[in-house]
Amino acid sequence: MSANTEITPATGGVPAPATDQTPILEIENLHISFYTRAGEIPAVMDYSCKVMPGEALGIVGESGCGKSTVALGIMRDMGNRGHIKSGTIRFKGRDMGEMSDAELRDLRGSKIAMIYQEPMASLNPAMKIGQQLMEVPIVHEGVSKQQAYDRSIEMLEAVRLPDPKRVMSSYPHQISGGQQQRVVIAMALLSNPELLLLDEPTTALDVTVEAGIVELVKDLGKKYGMSMLFISHNLGLILETCDRISVMYSGEAVETGDVADVFDRMRHPYTQGLFRSIPLPGADKNSRPLIAIPGQLPLPHERPHGCNFGPRCHHFVEGECDAGPISMIPVKGHHDHNSRCVRFDEIDWKAMPDGIAQNDPVEPGAPVLQIDNLKKYYDVAANAIFGGGETRTVKANETISFTAREAETVAIVGESGCGKSTLAKVLLGLETATEGTVTLGNREIQGIEVENRGADLVSSIQMVFQNPFDTLNPSHSVGSQIIRTLEKFNFGNSTEERRERMLELLDLVKLPRAFETRMPRQLSGGQKQRIGVARAFAGGPKVVVADEPVSALDVSVQAAVTELLMDIQRESRTTMLFISHDLSVVRYIADRVVVMYLGHIVEQGTTDQIFSPPYHPYTEALLSAIPIADTSVQKKHIVLDGDIPSALNPPPGCPFQTRCRWKERVSGNKCETEVPGYVEWGEGHFMKCHLSRDELESMEPVISFEAKEDSVEDASKIVDLDAVKKAPVQKKADARRDKAVAAVADTGDTGSAKTKATKKTKRAKAEAAKSRGGKSRGGKSSLDDPDRPSSMERPDVPDDLKQISGVGPKLEGTLNGLGIYTFEQVAAWKKPQRDWVDSYLSFKGRIDRDGWVKQAKALARKKTGG
């Protein structure tokens, strides 16, 4: 069968010639599952979409919804555990499931190409870039090396990489991240694919680099007539790059349609939830806060009956939304717009989830943090490994000055390499300043290293890190890690006081107190970041440095963590330094903004001042690069050329002059020879630029709004804080909280009543277990079982059972609670006792109980000198 034919029902299965109306890609009722030891995990269910020639389809949704699995299914790159259970994927009318392995190999990389999120996943670090690029046309088209070289040079020029010949002879590590991504795009386009799959291609890039890549992809799509499948969690990028959109939730498409139609007239509660979670123009942290989607994405094997989104939906109706499977339903009056919601015609789209409240603006207090003419230089030897050679200076921070007041949020923005993180390190004592002063309260701290700061100073300035996954010890429970922080800060006089404070911190970050015993692996990304916030606020800090605290999180989780930070700040009046490259979040959260470029502060002022003209030319470019998910927004189109220069070899004069589009309007060679001084434009608004006042005042707004004729705002975009509804997960949380409060009330005010009730309950459970044959409900060992290991009173010096591999602090405490304190006790366990312990602990350790016995015998002999 030819690849240029299609099969249609009208022809009775006879191949029909492909036409311009034949979809490049057509997916129907796709089901993909992964098979593990735990069983089948359905990742994609009943997914359908089509991409026409020259069309771009965007797929959006939270992490784990199945976006990337769809792309991997198209490429047939799911490993040995992933399988397409049912459904079809057609490329130009032909079922890819009927293709041979040889045909699929020929298709991949030639007619269908994929660009991954991390460019180094596609580049071999041991091969020069030229070799990797030339390989594509040589393998797929059999061209000569010279032809492959010439085409590679042409494609590098097409993706706007400077000096293509130098890039061809470079290794991947010798170019920047943005350049690496451009190389990967060039590699994907070398074979002139008809379908390009892009899986989060700009997530790891700076906002200005992202703008350049997006512009490049759009232009190349038009130039080569490619169809595109663009996977992203960024709704603004989807608006800028795509014609149609598919919103995915828990393995299913829940809404599809034209981008403008879905954005302006959404007809699924999940789509509306995504839009309410992002800081669009008009959102305000006080009067119009972000609205996080309650609950979490269900695990594949725990999906609810009926609507998958039902437990998180505040429009849920029992008996209707959970009656059975829901198919995609056409939306009347909309062009090719479908929704997987049975109630979209009945929903009060203006209604809000419970718990949304307006807040009074917080008035900043006296200055807490004062930074004056701060400089941080690094001396770098030409031969850093063996020494010797010329020493060069890296100017990471240059004459940094600003003030942060009590209860104020100051945002620090700029591209990677601008000096944001170096400034944070100096503030935290991880680095010391070269010159200048940093004053916290009434104390200068710029020269005090963190190990010499003492508990009071360390607790006064804390940090929330970007990646919540790397900041928690995987071997310790959440509660123990917070308690350890409190111990370091010398909080409390006893373990009981610190534990009570730990529980209060869990309340503060809106996590159940039951999380005290959970391990980090049992938490979602948003929950881990909440623990990071709890630790940062444990010592009552004066200043919290938040370094990209929401950039690694899904949009709905971003909204929840952002609102959490704001709530805590309102209550504690903590000063916050918010480091970010996402100016949408900055506009929403910040009171004042500091814009950095190559170690310099080029502009600072209130949020309104920074987001309104006149701008510093760099600020103008940053604002233009913001992807905004609003069809009424009009943006000036400004894409910066080149990458940020190296701090090891900065340009002379103005640090921004090599990329500034306004430079030609400054007379002479002032920009190339003189570092500009600060110009004051208003109270607290400073700019470092040589442009004349007339030129700066002539600047037009970067972001404006287009009034649409005869347009009526759709109900799905209206926010009504007076209309409130609760989602099922919110109702369940309320019920659990009410039950916990009632339980505490029933115990009375004294601890003795609680103790008696607990003992009574344990006795009842033990008696019931005994009647069932020695096992408690669920198969767990009973404390009255005759096979229970013998116990003893606590000795004056118990053995350190943690010396047994697989026994941590938590397990040691459990064993001590059973009256097991010595190696000799463990060494005496026979098989019945080992089995009892296995059942009682309800899980298998890293080392089985037989291994514990062997180790305990050896440790007991060592203890007695035997």
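In which sense do strand β11 and strand β12 pair, and over how many bridges? In this predicted model, strand β11 (residues 244-249) and strand β12 (residues 252-258) are paired in the antiparallel sense, with six bridges between them. Within this pairing, Met248 is placed opposite Ala253 of β12. Helix α10 (residues 269-277) packs on the sheet and touches both β11 and β12, its direction making about 100° with that of β11.

The two strands belong to an open sheet of eight strands, arranged in the order β8-β9-β10-β5-β11-β12-β14-β13 with mixed pairing. Helix α1 (residues 67-75) lies across β5 (56-60), β8, β9 (195-199), β10 (227-231) and β11, and runs at about 145° to β8.

Glu210 is located in helix α7 (residues 207-224). This residue is buried but forms no salt bridge, and Lys635, the nearest side chain of opposite charge, is 8.2 Å away. When neighbours within four places in sequence are left aside, the contacts of Glu210 are with Thr202, Leu205, Leu237 and Pro627.

For the protein as a whole, the secondary structure comprises 27 helices and 30 strands. Of its 866 residues, 50% count as buried. Among contacts with a separation of 6 or more, 68% are accounted for by residues 24 or more positions apart.

Key
Residues numbered from 1 in each chain as written. Predicted model: local features only at pLDDT ≥ 70, side-chain atom pairs only at ≥ 80, totals over all residues. Heavy atoms only, no water. Helix = DSSP H or I, 4+ residues; strand = E, 2+ residues; numbered from the N terminus. Buried < 20%, exposed > 50% of the residue type's maximum accessible area, 1.4 Å probe, protein only. Lys, Arg positive; Asp, Glu negative; His and termini not counted. Salt bridge = Lys/Arg side-chain N within 4 Å of Asp/Glu carboxyl O. Contact = heavy atoms within 4.5 Å. Pairing = 2+ DSSP bridges. Axes fitted to C-alpha atoms, helices over the stretch in contact; angles between N-to-C directions.
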